Amino acid sequence: LLRRKYRGYSVYAHNLSNFDIIFLFKYISTLKGRFDIIPAIKDRNIISLQIKNTRLGINIIFKDSYLLLRDSLMNLSKTFNCDSLKGLMPILNLPSNEYHQANIKYNKDVLIINDFNEYKNLLIKYCINDCVVLYQVLNKFRDLVYNPPPSGGGEFKY
C-alpha cells in the first residue's frame, strides 16, 4: 500500500482503534524515520492514521469505520441490505494445545473448529468476507449521504 499509485487512498478497518491497529503496529514501527506517521486521536481512539513521504509521493490514510458507523459489521450488513453478510468467526479448539482454555464464553456467535487446516481455510475466507462486507456497507453509506432518498413521506428502504 505504500506506493505512489495509492496516494490519497483511504483504507478502512472496522474497529481499527480497538483491535485491528494491533496488527499494524509491528509494520508501522519499521517506517519511523522514512515516513511521517500522523495519528488523529480523540477520546483515546485512533480515528485515522496517515502515513506519508512527500519526497516519494506516498500518502495513505487508515481510518476506523466503526467510529463512523457505530454498530457491528453483522448488523450493518443487514441494515444496509448488503449482498454479502457477516459470517461467524471461526475459533480453533485444540485441547492438546498448551494455550487451550476450556469453557470460554463468547459475546457473539462463533464457529468452533477442531481441525487446524479447516480453521486456517475458514479464517482466510472469513477475513476476505469481512473486507467485502465492509466495502459494501461503506459504498451504500456513501450513496445514502450523497444521494439521499427524496423527502416527503413514505417509508425509507435502502
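User: What makes Phe19, Ile22 and Phe23 a nonpolar patch on the surface?

Analyst: Keep in mind that this is a predicted model. A patch takes residues with over 30% relative accessible area, and its nonpolar side chains are joined within 5 Å. Phe19, Ile22 and Phe23 form such a patch, and together they have about 330 Å² of accessible area.

User: Why is isoleucine 22 called exposed?

Analyst: Exposed means over 50% relative accessible area. Isoleucine 22 has 52%, so the word exposed applies. You will find isoleucine 22 in helix α1, residues 16–28.

User: How do you know that aspartate 43 and lysine 42 meet in a salt bridge?

Analyst: The nitrogen has to lie within 4 Å of a carboxyl oxygen. Here the N to O distance is 3.3 Å, so the pair qualifies. Both aspartate 43 and lysine 42 are exposed.

User: What makes lysine 86 and aspartate 130 a pair that ties parts together?

Analyst: Their side chains form a salt bridge at 2.8 Å, N to O. Lysine 86 sits in the loop between α2 and β5, while aspartate 130 belongs to helix α3, so the bridge links parts 44 residues apart in sequence. Lysine 86 and aspartate 130 are both buried.

User: Why does aspartate 143 count as partly exposed?

Analyst: Buried is under 20% and exposed is over 50%, with partly exposed in between. Aspartate 143 has 29% relative accessibility, so it counts as partly exposed. Arginine 142, its salt-bridge partner at 3.1 Å, has 40% and therefore counts as partly exposed too.

Methods
Residues are numbered from 1 along each chain as its sequence is written. This is a predicted model: local features need pLDDT of at least 70, side-chain atom pairs count only at pLDDT 80 or more; totals for chains, interfaces and linings use all residues. Side-chain values use heavy atoms; hydrogens and water are left out. Patches are made of residues with over 30% relative accessible area and no salt bridge: like charges are joined within 9 Å, nonpolar side chains (Val, Leu, Ile, Met, Phe, Trp, Tyr) within 5 Å. Accessible areas come from the Shrake-Rupley method with a 1.4 Å probe; for residues, only the protein chains shown count as cover. Helices (H or I, at least four residues) and strands (E, at least two) are DSSP runs, numbered from the N terminus. Buried means under 20% relative accessible area, exposed over 50%, partly exposed in between (1.4 Å probe, protein chains only).
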